[in-house]
Amino acid sequence: MRLGFAVKVLGPPSLKSHDTRRWQNHPHLSVSLAYLRDIFLYLHRQDIRMYRMASDLAPYVSHPDLPEFHSQIEDCSAELAAVGEMAADYDLRLSFHLQLSTVLNANDEAIAHQSAQLVTAQARILEGMGLGPHAVVVTHVGGIYGDRDAALERFARRYEDLPAPARSRLALEHDDRRFSVGDILWLYQRTGVPLVFDYLHFRNHNPEGMAAMEALETCLRTWPVGVKPKIHFSSPRTAMRVVERKDTKGGAASSLMRAPRSIQHADFIDPFQFIDFIGEAMSQAMPAFDVMLETKAKDLALLHLRGHLDRFAPDTIVDGDDHGNRRAPQ
Amino acid sequence: MGTEERRSERTSRVLVAVMNSHRDYEIARERGWYRIPYERAPSRVGADYLAFYQTSVFDEDRWAVNYYATAMRYHVVSRRSLLPDEPDHPRADALYYRIDIGPLLRLSPPIPSQRLRRISFIPTTLERLLHAEEINDLWCGSPGEERLWRAFKESGIGVERRYPLREDAPEYTVDFALFCKQGRVGVCVEGAPPVRNVRMVREFPLIDEYAANALGWTIVQLGHRDLARPPATCVEAIMKVVGRLGGVARTGGIQDRGAHVRRGTPTRVTDA
């Protein structure tokens with residue numbers, strides 16, 4: 001089982017996830033790939049074998065008003081291949097996660113078209129890097145727009161309209177208030193899209209009243225033969241939140257104390273929650289899977305969890321690669 | 001300066017690279033690119049800007065960072081396609097990063113090296129580049145290392161940061177080097193992860209104290225507890241070791257030319 005984290009790297013100073021310059025300053029995918037190469041070196045050093053790349057890796061690549069950015073992926077074929085080769089050498093499992101603004105089932109045709117363009121672009125980046133089918137683009141269903149059934153149907157239709165290479169890379173995740181595991185299971189049965197189980201979303205939104213192991217196994221079994229499923233895991237935030245407010249009239253700043261919301265990610269992973277959940281899954285002979293950790297402390301949370309696993313579950317939860325090689329204990 | 005500009009200075013990454021030939025300078029200025037061997041690229045190659053440390057061949061501009069430029073595009077190409085007039089070069093098939101850059105902007109005043117030292121690459125920020133008084137201000141260290149650096153500067157003690165133990169092994173560096181009349185003192189600051197109890201693998205290898213001693217270095221290790229004390233206390237302890245080695249040797253470098261000048265606004269090379 002691999003453990004991964006998403007996008008931002010907090011361990012070493014000054015590692016950027018992608019070229020964040022605005023369009024006026026000519027950002028470019030090739031600059032993002034140079035940053036990505038630096039991150040891969042860091043991941044390799046820390047023995048981290050799974051990583052979610054920034055969804056803006058190719059800046060403005062499908063922006064309808066900025067055509068000068070549209071050819072970045074073709075222009076970077078050599079650089080994509082070089083970074084992809086490095087990922088293969090380091091045995092890295094890579095993925096994308098579309099932003100919430102990318103809504104395949106949008107009511108607005110223009111938004112839907114733009115979203116499809118972005119899915120296609122991200123799939124082409126993975127293709128350009130020469131990555132196998134385990135490298136996926138994860139998305140949510142989108143909005144309900146007053147009619148759940150129509151929204152699901154619209155997603156299915158738009159999914160089927162995607163070019164085959166994009167369709168083959170897409171994986172679908174349920175969310176914490178709109179579309180449940182039951183909903184995305186319907187979409188799997190309708191389209192064949194593999195499903196990503198998310199522990200925190202599931203705990204927050206489970207209208208079907210499924211058992212966690214049942215929901216997990218349902219999602220795992222949707223992945224094609226030969227492609228290792230992945231899941232998302234995060235713990236709910238329990239710490240106090242300080243919310244900064246600005247008075248709209250006078251502009252005076254103030255801060256409010258707020259209790260955390262159950263849908264918010266914690267900085268770190270609750271090790272006992274993780275061990276109980278993963279341990280139970282492993283005891284039930286489910287298909288093997290990888291775990292993307294979604295935390296605010298990013299790579300630091302992963303490294304910290306490793307320490308906890310070494311201490312509390314050294315024999316049951318093995319953090320390593322697909323070949324049975326176990327990462328050395330810290 | 002607006003909030004957005006300040007944020008941009010803080011977040012923009014700069015790679016300070018070495019410019020050691022007039023040809024490379026002409027290529028950068030006229031053709032707008034710089035090259036780095038792919039296999040020997042530093043651990044941080046990604047950047048929004050490139051800046052150039054010019055070596056001894058540049059007369060007036062030597063041993064200083066005089067220019068920087070926006071990084072526009074990174075290509076991975078063979079040396080053969082990069083320099084077609086050298087098709088028989090032994091490394092003709094080797095891969096290089098060709099980094100396309102914008103117009104060279106002149107830093108005024110330049111950022112000198114006090115010790116006229118050899119440098120490979122320095123990853124830094126635009127903020128540091130635009131405000132550095134000398135090369136050693138460019139390195140981004142842990143909070144403890146930065147406090148110690150400020151204490152050295154305030155005390156007027158000439159130290160070099162990230163100094164290699166040997167020129168042929170640049171990955172083995174001490175965090176601070178002091179050059180004494182009867183030897184060298186290397187100060188190693190304990191690598192601090194951003195969160196104290198999260199274990200990380202170090203970016204650079206640990207210094208072997210015995211090997212360092214054999215090369216004429218006296219190593220001073222500073223742990224978290226040392227660094228938690230007032231920096232002046234650490235400096236005092238280090239200077240005791242320096243004292244045992246005859247005190248600091250005069251370097252005779254650019255500092256004698258009065259290089260500590262406040263930085264001004266950068267200008268384009270064409271305006272300079």
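Helices and strands on this tour are DSSP runs (H or I of at least four residues for helices, E of at least two for strands), numbered from the N terminus. What you have open is a predicted model, where local features need pLDDT of at least 70 and side-chain atom pairs count only at pLDDT 80 or more, while totals for chains, interfaces and linings use all residues. Residues are numbered from 1 along each chain as its sequence is written, and chains are lettered from A, with ligands numbered from 1, in the order in which they are written.

**Stop 1: chain A as a whole**

Select chain A and colour by secondary structure: there are 11 helices and 10 strands. Its C-alpha atoms fill a box of roughly 55 × 55 × 45 Å along the principal axes. The radius of gyration, taken over C-alpha atoms, is compared with a globule rule of 2.2 Å times the number of residues to the power 0.38. For 330 residues a compact globule would come out near 20 Å, and chain A has 20 Å, so the two agree.

Now for what is inside. A residue is called buried if 20 or more other C-beta atoms lie within 10 Å of its own, exposed if 12 or fewer, and partly exposed in between, with C-beta atoms placed from the backbone. By that count, 45% of the 330 residues of chain A are buried. Contacts are pairs of residues whose C-beta atoms, placed from the backbone, lie within 7 Å. Among contacts in chain A between residues at least 6 apart in sequence, 74% join residues at least 24 apart.

**Stop 2: helix α7 of chain A**

Select residues 181-191 of chain A, and show the side chains of A:V181, A:D183, A:I184 and A:L187, the buried residues of α7. Because they cover an arc of only 160° around the axis, they sit on the same side of α7(A). (The arc is that of the directions from the helix axis to the C-beta atoms.) An α-helix has 3.6 residues a turn, so residues three or four places apart point the same way. What covers these buried residues? Look for α5 (148-161), β5 (170-173), β6 (195-198), α8 (199-204) and α9 (212-220) of chain A, which are included in the cover. Just after α7(A), click on A:G192, where phi is positive at about 90°.

**Stop 3: where the chains meet**

Show both chains: 27 residues of chain A are in contact with 23 residues of chain B. On the chain A side, the elements giving two or more residues are α1, α3 (77-89) and α11 (298-312). The largest share, 9 residues, comes from α1(A). By class, this side has 12 nonpolar, 9 polar and 6 charged residues. Here Ala, Val, Leu, Ile, Met, Phe, Trp, Tyr, Cys and Pro count as nonpolar, Asp, Glu, Lys and Arg as charged, and the others, Gly among them, as polar.

**Stop 4: the cores**

A nonpolar core is a set of buried Ala, Val, Leu, Ile, Met, Phe, Trp, Tyr and Cys residues joined through C-beta atoms within 7 Å. The largest one has 133 residues, and those with the most contacts inside it are A:L293, B:L50, B:A51 and B:Y68. Helix α1 (29-45) of chain A gives the most to this core, with 10 residues. Zoom in on B:A51: leaving out residues up to four places away in sequence, B:A51 touches B:V14, B:V16, B:V65, B:Y67, B:Y68 and B:L129.

**Stop 5**

Chain B has 8 helices and 12 strands, and 33% of its 272 residues are buried. An automatic or database domain assignment sets the domain bounds, dividing chain B into domain 1 (3-138) and domain 2 (143-254). Their centres, taken over C-alpha atoms, are 26 Å apart.

Most residues other than glycine have a negative phi, and most peptide bonds are trans.

- B:S108 and B:P109 are joined by a cis peptide bond, with omega about -5°; B:P109 lies in strand β6 (105-112) of chain B.
- B:D59, not a glycine, has a positive phi of about 45°. Find B:D59 in the loop between β3 (49-54) and β4 (64-78) of chain B, where B:D59 counts as exposed with 7 C-beta neighbours inside 10 Å.
- B:R162, also not a glycine, has a positive phi of about 50°. This residue is in strand β8 (160-164) of chain B, and B:R162 is buried, with 20 other C-beta atoms within 10 Å.

Definitions and conventions
Contact = placed C-beta atoms within 7 Å.
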